Amino acid sequence: MNDETLQTWVERVSLEWFGRPFKHRATFNGRLKATGGRYFTKSHNIEISPHQLEAFGAEETEKIIKHELCHYHLHLLKRGYQHRDQDFKQLLAQVGASRYCRTLPEREARKPRPFKYKLLCGACGMEYLRRRRLDPARYRCGKCAGKLSLKTLD
(Lines give C-alpha, C1' and ligand atoms only; values in the text may rest on other atoms or scores of the structure.)
Protein backbone atom coordinates (compact mmCIF):
# COMPACT_ATOMS: atom_id res chain seq x y z
CA MET A 1 0.00 0.00 0.00
CA ASN A 2 1.25 3.50 -0.83
CA ASP A 3 0.51 7.00 0.46
CA GLU A 4 -2.19 7.70 -2.16
CA THR A 5 -4.12 4.57 -1.16
CA LEU A 6 -3.79 5.52 2.50
CA GLN A 7 -5.02 9.04 1.72
CA THR A 8 -8.21 7.74 0.08
CA TRP A 9 -8.69 5.24 2.92
CA VAL A 10 -8.44 7.99 5.56
CA GLU A 11 -10.80 10.24 3.57
CA ARG A 12 -13.34 7.40 3.29
CA VAL A 13 -13.15 6.54 7.01
CA SER A 14 -13.52 10.22 7.90
CA LEU A 15 -16.71 10.63 5.88
CA GLU A 16 -18.15 7.26 6.90
CA TRP A 17 -17.53 7.44 10.66
CA PHE A 18 -17.28 11.16 11.42
CA GLY A 19 -19.49 12.67 8.70
CA ARG A 20 -16.78 15.24 8.00
CA PRO A 21 -14.16 15.43 5.23
CA PHE A 22 -10.46 14.95 5.86
CA LYS A 23 -8.83 17.84 3.98
CA HIS A 24 -5.15 17.34 4.83
CA ARG A 25 -2.42 14.74 4.12
CA ALA A 26 -2.15 11.20 5.44
CA THR A 27 1.14 9.39 4.88
CA PHE A 28 3.01 6.33 6.04
CA ASN A 29 6.08 6.79 8.24
CA GLY A 30 8.31 3.73 8.53
CA ARG A 31 10.15 5.18 11.54
CA LEU A 32 7.07 4.81 13.76
CA LYS A 33 7.66 1.61 15.72
CA ALA A 34 6.41 2.26 19.25
CA THR A 35 3.32 4.14 18.10
CA GLY A 36 0.63 3.36 15.55
CA GLY A 37 0.23 6.87 14.23
CA ARG A 38 0.40 10.53 15.06
CA TYR A 39 -1.51 13.73 14.41
CA PHE A 40 0.23 17.06 13.91
CA THR A 41 -1.66 20.01 15.42
CA LYS A 42 0.11 22.67 13.32
CA SER A 43 -0.19 21.10 9.87
CA HIS A 44 -3.21 18.84 10.67
CA ASN A 45 -1.49 15.97 8.84
CA ILE A 46 -1.60 12.36 9.99
CA GLU A 47 1.16 9.74 9.85
CA ILE A 48 0.46 6.01 10.14
CA SER A 49 2.95 3.24 10.87
CA PRO A 50 3.21 0.74 7.98
CA HIS A 51 4.56 -1.83 10.48
CA GLN A 52 1.15 -2.00 12.17
CA LEU A 53 -0.48 -2.76 8.81
CA GLU A 54 2.05 -5.51 8.06
CA ALA A 55 1.85 -7.09 11.51
CA PHE A 56 -1.86 -6.85 12.34
CA GLY A 57 -3.72 -6.13 9.11
CA ALA A 58 -6.26 -3.61 7.85
CA GLU A 59 -8.72 -3.94 10.75
CA GLU A 60 -6.21 -2.81 13.42
CA THR A 61 -4.85 -0.11 11.12
CA GLU A 62 -8.36 1.26 10.60
CA LYS A 63 -8.75 1.55 14.39
CA ILE A 64 -5.50 3.56 14.45
CA ILE A 65 -6.79 5.77 11.61
CA LYS A 66 -10.01 6.38 13.58
CA HIS A 67 -7.93 7.27 16.65
CA GLU A 68 -5.92 9.86 14.72
CA LEU A 69 -9.09 11.22 13.09
CA CYS A 70 -10.56 11.72 16.57
CA HIS A 71 -7.60 14.00 17.34
CA TYR A 72 -8.03 15.72 13.97
CA HIS A 73 -11.75 16.45 14.09
CA LEU A 74 -11.88 17.44 17.76
CA HIS A 75 -8.91 19.77 17.31
CA LEU A 76 -10.54 21.49 14.33
CA LEU A 77 -13.81 21.80 16.31
CA LYS A 78 -11.82 23.39 19.18
CA ARG A 79 -12.87 20.67 21.62
CA GLY A 80 -10.80 18.43 23.88
CA TYR A 81 -8.58 16.48 21.47
CA GLN A 82 -5.94 15.21 23.91
CA HIS A 83 -5.89 11.68 25.35
CA ARG A 84 -6.94 12.88 28.81
CA ASP A 85 -9.99 14.86 27.58
CA GLN A 86 -13.49 13.49 28.06
CA ASP A 87 -14.57 14.58 24.53
CA PHE A 88 -11.75 12.49 23.08
CA LYS A 89 -12.58 9.40 25.15
CA GLN A 90 -16.27 9.62 24.23
CA LEU A 91 -15.58 9.98 20.51
CA LEU A 92 -13.15 7.04 20.61
CA ALA A 93 -15.88 4.83 22.09
CA GLN A 94 -18.47 6.16 19.66
CA VAL A 95 -16.51 5.29 16.51
CA GLY A 96 -14.86 2.11 17.83
CA ALA A 97 -11.30 3.42 17.67
CA SER A 98 -8.50 1.87 19.68
CA ARG A 99 -7.11 3.79 22.64
CA TYR A 100 -3.67 2.15 22.29
CA CYS A 101 -2.04 0.34 19.39
CA ARG A 102 -0.75 -3.19 19.77
CA THR A 103 2.95 -3.79 20.42
CA LEU A 104 4.86 -4.98 17.37
CA PRO A 105 6.16 -8.58 17.69
CA GLU A 106 9.82 -7.60 17.19
CA ARG A 107 9.57 -5.00 19.99
CA GLU A 108 7.78 -7.42 22.32
CA ALA A 109 10.56 -10.00 22.04
CA ARG A 110 13.31 -7.53 22.99
CA LYS A 111 15.41 -8.48 25.96
CA PRO A 112 16.15 -5.88 28.61
CA ARG A 113 19.69 -4.55 28.45
CA PRO A 114 22.02 -5.94 31.12
CA PHE A 115 23.44 -3.80 33.90
CA LYS A 116 26.97 -2.57 33.13
CA TYR A 117 27.81 -0.54 36.23
CA LYS A 118 27.49 -0.79 39.99
CA LEU A 119 27.59 2.13 42.40
CA LEU A 120 28.85 1.21 45.87
CA CYS A 121 28.39 3.32 48.97
CA GLY A 122 31.60 3.60 50.97
CA ALA A 123 29.76 4.11 54.27
CA CYS A 124 26.92 1.57 54.37
CA GLY A 125 27.74 -0.75 51.45
CA MET A 126 24.48 -0.10 49.54
CA GLU A 127 24.65 -1.16 45.87
CA TYR A 128 22.96 0.55 42.93
CA LEU A 129 22.92 -1.16 39.53
CA ARG A 130 23.01 1.03 36.42
CA ARG A 131 22.91 0.49 32.67
CA ARG A 132 24.55 3.83 31.84
CA ARG A 133 27.82 5.24 33.07
CA LEU A 134 27.57 8.23 35.39
CA ASP A 135 29.84 10.42 37.49
CA PRO A 136 29.65 9.16 41.11
CA ALA A 137 30.99 12.48 42.44
CA ARG A 138 27.69 14.12 41.48
CA TYR A 139 25.59 11.72 43.59
CA ARG A 140 25.30 10.47 47.17
CA CYS A 141 23.88 7.33 48.73
CA GLY A 142 20.09 7.51 49.13
CA LYS A 143 20.24 5.55 52.37
CA CYS A 144 23.02 7.28 54.35
CA ALA A 145 24.27 10.12 52.09
CA GLY A 146 27.71 8.48 51.87
CA LYS A 147 30.16 8.82 48.95
CA LEU A 148 29.66 6.51 45.99
CA SER A 149 32.24 4.68 43.88
CA LEU A 150 31.69 3.27 40.40
CA LYS A 151 32.55 -0.34 39.47
CA THR A 152 32.27 -1.82 35.98
CA LEU A 153 30.54 -5.19 35.76
CA ASP A 154 31.71 -7.95 33.40
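In this predicted model, Tyr117 stands opposite Arg130 in strand β5. The two strands concerned are β4 (residues 117-121) and β5 (residues 127-130), which run antiparallel and are joined by 4 bridges. They form a hairpin with 5 residues between the strands. Within this hairpin, Gly125 takes a positive phi near 85 degrees.

**The sheet and its helices**

An open sheet is formed by 3 strands in the order β1-β3-β2, and its pairing is mixed. Strands β1 (26-28) and β2 (37-39) are the edge strands, since each of them pairs on one side only. From one strand to the next, the twist averages 15 degrees. The pairing of β2 with β3 (residues 46-48) is antiparallel and extends over 3 bridges. Across this pairing, Arg38 stands opposite Glu47 in β3. As a general rule, side chains in a regular strand alternate between the two faces of the sheet.

| Strand pair | Sense | Bridges | Opposite residues |
|---|---|---|---|
| β2 and β3 | antiparallel | 3 bridges | Arg38 and Glu47 |
| β4 and β5 | antiparallel | 4 bridges | Tyr117 and Arg130 |

Two helices pack on the sheet. Helix α1 (residues 3-18) touches β1 and β3, and its direction makes about 135 degrees with that of β1. Helix α2 (residues 50-76) touches β1, β2 and β3, and its direction makes about 165 degrees with that of β3.

**Aromatic pairs**

How many aromatic pairs does a search of the whole structure find? The search finds 2. One of them is formed by Tyr39 and Tyr72. A pair of aromatic rings is described by the distance of the centres and the angle of the planes. For Tyr39 and Tyr72, these values are 6.1 Å centre to centre and 85 degrees between the planes, and the pair is edge-to-face. The pair links distant parts of the chain, with Tyr39 in strand β2 and Tyr72 in helix α2, 33 residues apart.

**The largest pocket**

The largest pocket has a volume of about 230 Å³. It is lined by 14 residues, of which Thr35, His67, His83, Arg99 and Cys101 are the closest to its centre. Which elements each supply at least two residues of this lining? They are β2 and α2, and the largest share, 4 residues, comes from α2. By class, the lining comprises 4 nonpolar, 7 polar and 3 charged residues.

Key:
Residues numbered from 1 in each chain as written. Predicted model: local features only at pLDDT ≥ 70, side-chain atom pairs only at ≥ 80, totals over all residues. Heavy atoms only, no water. Pairing = 2+ DSSP bridges. Axes fitted to C-alpha atoms, helices over the stretch in contact; angles between N-to-C directions. Contact = heavy atoms within 4.5 Å. 1 Å grid on protein atoms, 1.4 Å probe; cavity = no way out; pocket = protein on both sides within 12 Å on 5 of 7 lines; lining within 4 Å. Points joined across faces, edges and corners; volume = space filled by probe spheres on them. Nonpolar A, V, L, I, M, F, W, Y, C, P; charged D, E, K, R; others polar. Phe/Tyr/Trp six-rings, centres within 6.5 Å; stacked < 30°, edge-to-face > 60°.
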